[in-house]
Amino acid sequence: MPTYQLKINRKTYTVEAELDTPLLWILRDHLKLVGTKFGCGIGQCGACTVHINGTATRSCLLEVPFAVNVEITTIEGLSKDGDHPVQQAWKTMDVPQCGYCQAGQIMTASAFLQRNPNPTDEEIRNAMHGNICRCAAYNNIEEAVKLASKQ
Amino acid sequence: MKSSNKKVFSRRAFLKSSALASGGMLIGFNLFQACKTDAEVPVDISKIHFNDFNAFIKISDEGIVTIFSPNPEIGQGVKTSMPMIIAEELDVDWENVYVEQAPLDTKNYTRQVAGGSQSIRSSWEPLRQTGATAKQMLINAAAKEWQISPEECTARLGVISNRTGDTLGYGDVVKLAATLEIPENVSLKDPKDFNIIGKGKGNVDVDKIVVGEPLYGMDYSEDGMLYASVLRPPAFGQKLESYDASEAKRLPGVVDVITIGEKYRAYKAAGHKSWAAQLSSSDKVVVIANTTWDAFRGLKAIKANWVAESPLESTEDYDAKLLALLGGNKFNTRRSDGDIKKAFAEADKVVERTYEAPYLPHNCLEPMNFFAHVTDEKVRLIGPTQTPEEAAKSIAQLLERDLETVEVNMTRIGGGFGRRLYTDFVFEVAEIADTVRKPIKMVSARENDMTTGVYRPAVKYRIAAAIKNGKITGYHLKEACANGSMYGIIADFFPAGAIENYQVDSATYKNSITTGAWRAPYTNFLASAEQSFFDELAQELNIDRIQLHLNLIQNVKGTPDERIQYSPERLEGVIKLVAEKAKWGQTKPGVYQGFSVYYSHNTHVAEIAEIVLEHGNPIVKKVTCAVDCGIVVNPTGALQQAKGGVIDGLGHAMYADLSFKDGVPQSNNFNNYQLIRMAETPKVDVYFVESDLAPTGLGEPTLPPIGAAVSNAIYAATGKRIYKFPLMKHFNEQEKVLS
C-alpha cells in the first residue's frame with residue numbers, strides 16, 4: 001500500500017492508504033480528525049469541506065494522491081482556540097441546531113471571507129449555497145457570515 | 001383546552017439526596033414516576049447507574065452545578081432548555097451550570113425519547129419542582145447553620161442571605177443540606193421573576209461544535225474497532241437469494257464478509273415486537289473492514305441476487321390504490337359530528353378537492369450509524385438514537401441477554417426528524433457485533449441511508465365542504481395513507497367544533513415500503529391540504545381568508561366539547577398577530593401573500609408567506625410566523641426551532657419527492673433529491689404571543705402550516721391551485737445551482 005505525507009493544520013502526517021481513498025476518510029478514520037464530517041460522499045452537501053491552500057474543497061472527492069504537497073486546514077486547525085472570527089460569529093449567533101453540518105459551513109464561510117472580506121448579501125447567499133443544513137438554520141448562518149465579515 | 005399539567009407531585013416520591021464522598025451533594029430525581037422507596041442516591045459519582053433515578057443534579061463544594069440531562073439531544077435544544085428550567089428554580093448563575101448527557105443504563109426510564117415535541121411539555125412541572133426543592137434544602141441548611149428559621153433566609157444566584165446581612169454560598173452548605181429531609185411544600189417562582197427562563201441561552205455544546213470536537217455517533221471510535229457497512233435489499237419487497245463475496249474479500253482493508261438476519265427473524269418468531277424497529281427480515285450482507293472507506297468499497301464489490309417476496313411497487317401502483325381507497329367505503333371514522341349526509345344533501349353547493357403527497361426520506365445529515373461491542377458479559381451500544389430505552393430492551397431480547405447487561409450510551413445526534421425513533425440500525429449493529437465479537441461501528445453510506453429508510457408515508461386527502469346560504473354547513477375529510485393513518489386526536493384539531501356537521505374518515509393501504517414518523521407526523525401534509533382547501537372556500541364564499549377563520553373560530557368559543565384540542569382564543573391570537581406583523585393585504589405590486597394557520601403538538605401557529613414571480617417561477621421572499629407556545633423557555637433556541645421548522649417545511653413542500661419504480665427508490669443522494677439551500681431560503685420573522693401558560697413543544701408545530709401558506713401565495717400570484725406536492729413540480733425546473 002502506498003504511503004503519503006500530508007500537511008494538515010501545519011503538522012506533517014504519514015499515512016498508508018489505497019490511492020482511491022478520499023481525503024475525508026484519511027482525516028476521519030486514519031488520523032481521527034473527525035471534525036470534518038461525512039454527509040453525502042459526492043460533493044453535494046459540503047459537510048466535509050476543508051481548505052486546500054486556503055480554498056474551500058470537498059474532502060470526500062479529493063483522492064489522497066492529490067492531497068500531497070498542499071496545505072490542508074481542517075476545522076480543528078482553523079484557529080488556535082476556536083477564536084477565528086467566523087467561529088466567534090457562530091457562537092454569538094448560536095447557529096447550530098443539530099450542529100452536524102456546521103464545521104463544513106464554517107470552513108466554506110472562512111475561505112469565502114478570506115477571498116471576499118466585504119461581501120454583499122447576495123454574494124453570501126451564493127457562496128453558502130453549496131452547504132446543506134438539514135435543520136434549515138439558514139437564516140442564522142447567513143447572519144453569522146454577515147457578522148463575521150464585519151469583524 | 002388543557003393548558004397546564006395539574007398533576008400534584010410528591011417531592012418525597014421522586015427526589016432523594018446524598019452527600020458525595022468527594023464533596024458536594026447529589027440529588028437524584030425521577031421525572032415521571034416515583035422512585036423505588038428503597039432506592040439510594042450513590043455517594044460516588046462514578047457509581048451513578050440511572051437505575052433508580054433517571055436524572056441527577058450535582059452541587060459541588062464550590063457551588064458549581066452539574067445537571068445530568070436525561071433526554072436525547074437531536075438539535076431541538078432540550079439539552080439546554082431542560083437544565084434551564086432546573087437552574088431557574090434552583091436560582092443559580094447559568095454561567096456556573098454544566099450539562100452532561102446522562103448515559104442510559106437499562107431499566108426504569110420513562111419517556112427518554114425525543115419526539116412529538118413533548119420533552120419540554122411533559123417535564124416542565126417536575127423540573128421546576130426539582131430545582132425549587134433543591135433550593136429549599138440549601139436554604140434549610142443555611143438556616144440551621146445560622147440557627148434561624150428558613151423563612152428568614154432568601155436565596156439568589158447561588159447565594160443564601162439572611163436579614164442581618166450574612167451570606168453563605170450553595171457550596172458552603174451542600175454537605176449539611178444533603179443530610180436534611182426532603183421538604184414537601186416548596187413554592188415556585190412567579191414567572192415574572194424568571195431570570196434564566198425567557199432569556200436567550202446559547203446551545204450548551206456550541207463551543208465544541210465550532211471546533212469540530214467528536215460529539216456525534218459518527219465520530220465515536222475506540223481501540224481495535226472495525227467498521228461495517230450493510231448491503232440491504234435494493235427494492236422494498238425483495239429478499240436475498242444468494243451472493244458472491246469472493247471479489248470483496250480480496251480487496252484491501254476488508255476483514256470479513258458475513259450475513260445477518262437470522263437473529264432478527266428469531267426475535268420476531270419469538271413474538272417480540274418493538275415499535276421502534278422497522279426492519280426487513282431478509283438476510284443482509286455485511287462487509288467488515290479496517291476503515292469506513294474500505295467497507296464502502298467492499299460493499300460495491302458484492303454480487304448479490306435478490307428475489308421478490310412481495311409485490312414490487314411503483315409510484316403509479318400505490319397512487320392508484322390510494323385513490324381507489326378514497327373513492328371506496330372502507331373507512332375508519334375518526335370523528336363524526338351532526339349529520340354530514342343531510343348537510344351535503346341540502347347544500348346549495350359542494351366543493352370537493354383531492355390533495356396528494358409523496359413518500360419522504362428524513363435525510364438526517366449524519367447518516368445512520370451505531371457502535372456495538374458484544375462480549376460474553378456485556379453488550380455495549382453507543383450512538384445516535386431518539387429511543388435509547390427501547391433500544392436497550394429490544395437488543396436484550398434480540399441477543400437473549402439480561403437487560404442489566406445491555407448498556408446504551410447516547411451521543412449527540414446529527415438530525416433526527418423522526419428517523420432515529422426507529423432502531424433498525426441498532427438491531428443490525430448488535431447482530432453484527434454478536435457475530436464478530438469485536439468493537440464494531442456500522443456506517444451507512446448516503447445512498448444506503450436514503451434508499452432503505454423509514455419514510456413519511458405517501459398520503460392523499462379528499463375534502464368536501466357543503467355550502468348553504470353562504471355558510472359552510474358540512475365538512476368531510478377522507479384520508480388514504482400507505483401503512484398507517486392519522487392518530488387519535490388529530491381529528492379533534494380545527495375545524496372540529498367549528499362546523500356543525502363534520503366527519504373525518506381514514507383508510508390504510510399496506511405495502512412493503514417502510515414508513516414511520518417524520519417531523520410533525522400526518523399533520524405535516526394534512527395541514528397543507530386543509531389550509532389550501534380553506535383558501536378555496538374563502539374564495540367561494542367571497543370572504544377574506546383570515547376573516548373566514550376568525551368567523552369559524554367564534555363557533556368554538558365556550559364549547560363544552562372536551563375533545564377539542566385547540567384553544568379558539570389562542571388560535572385567534574396568533575391569527576391576529578401574524579396579520580398585523582405581515583401587514584396582511586397591504587403588499588407592494590408583484591408581491592403575493594398566502595395565509596395558513598394550524599394547531600399541532602399543543603402549539604398554535606399562524607404563517608403568512610410572501611412570494612414574487614421570477615421567469616414565471618415562485619420565489620419565497622419572506623415568511624412571517626406567529627407562535628403561541630406558552631412561556632418561551634429559551635428564546636434563542638425557540639427562534640431557531642421555529643425558523644428551522646418553517647424553512648424545513650418550505651423546502652420539503654417545494655421540492656421533496658421520493659418516487660419508486662419496482663420497489664426501488666428513485667432518488668439516492670443529494671444530486672437527485674433536492675433539499676432547500678441558502679439561496680432559496682426566505683427571511684423568516686417569528687413573533688411569540690406573550691403568555692404565562694405552561695410551555696408547549698416547538699420542534700414541530702411551525703412546520704405544518706407553511707406548505708399551504710406558500711401554495712396559497714402561489715395561487716394569489718398565478719391563479720394556479722396545486723393539489724399535488726411538491727409545488728415546484730408544477731413549474732419549469734429552475735436551473736439548479738449545485739456546486
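## Backbone features in chain B

Pro495(B) sits in the loop between strand S21 (471-482) and strand S22 (501-509) of chain B. Helices (H or I, at least four residues) and strands (E, at least two) are DSSP runs, numbered from the N terminus. A cis peptide bond links Phe494(B) to Pro495(B), with omega about 5°. Another cis peptide bond joins Phe725(B) and Pro726(B); here too omega is about 5°. Pro726(B) belongs to the segment after H18 of chain B.

Asn469(B) is not a glycine, yet its phi is positive, at about 50°. Asn469(B) lies in the loop between strand S20 (459-468) and S21 of chain B.

## About the model

This is a predicted model: local features need pLDDT of at least 70, side-chain atom pairs count only at pLDDT 80 or more, and totals for chains, interfaces and linings use all residues. Residues are numbered from 1 along each chain as its sequence is written, chains are lettered from A and ligands numbered from 1 in the order in which they are written, and side-chain values use heavy atoms, with hydrogens and water left out.

## Where the chains meet

The contact (heavy atoms within 4.5 Å) takes 65 residues from chain B and 54 residues from chain A. Together the two chains bury about 4800 Å², and 58% of it is on carbon and sulfur atoms. Buried area is the accessible area (1.4 Å probe) that two parts lose on being put together, summed over both. Val210(B), Leu365(B) and Met678(B) supply 17% of the area that chain B buries against chain A, more than any other three residues.

One helix pair spans the two chains. The axes of helix H5 (residues 138-149) of chain A and helix H17 (residues 635-655) of chain B come within 8 Å and cross at roughly 115°. Axes are lines fitted to C-alpha atoms, for helices over the stretch in contact, and angles run from 0 to 180 degrees between N-to-C directions. H5(A) and H17(B) are therefore roughly perpendicular, a label for angles of 65 to 115 degrees. Tyr138(A), Asn139(A) and Asn140(A) of H5(A) touch Gln640(B), Lys643(B) and Ile647(B) of H17(B). By class, this contact has 2 nonpolar, 3 polar and 1 charged residues. Ala, Val, Leu, Ile, Met, Phe, Trp, Tyr, Cys and Pro count as nonpolar, Asp, Glu, Lys and Arg as charged, and the others, Gly among them, as polar.

## A helix pair within chain B

Helix H7 (residues 262-269) and helix H11 (residues 388-398) of chain B have axes that come within 9 Å and cross at roughly 100°. H7(B) and H11(B) are therefore roughly perpendicular to each other. Lys263(B), Tyr264(B) and Tyr267(B) in H7(B) meet Ser394(B), Gln397(B) and Leu398(B) in H11(B). This contact has 3 nonpolar, 2 polar and 1 charged residues.

## Cavities

The whole structure holds 11 cavities of 30 Å³ or more. On a 1 Å grid over the protein atoms alone, a cavity is a set of points where a 1.4 Å probe fits but cannot get out; lining residues have an atom within 4 Å of a point. Grid points are joined across faces, edges and corners, and a volume is the space filled by probe spheres set on the points.

The largest cavity has about 140 Å³ of space. It is lined by 18 residues, and the closest to its centre are Asn524(B), Gly649(B), His652(B), Ala653(B) and Phe725(B). Helix H14 (523-541), H17 and helix H18 (706-718) of chain B each give two or more residues to this lining. By class, the lining has 12 nonpolar, 5 polar and 1 charged residues.

Notes: Angles under 35 degrees count as roughly parallel, over 145 as roughly antiparallel, 65 to 115 as roughly perpendicular and the rest as oblique. On a 1 Å grid over the protein atoms alone, a cavity is a set of points where a 1.4 Å probe fits but cannot get out, and a pocket is an open set with protein on both sides within 12 Å along at least five of seven lines; lining residues have an atom within 4 Å of a point.
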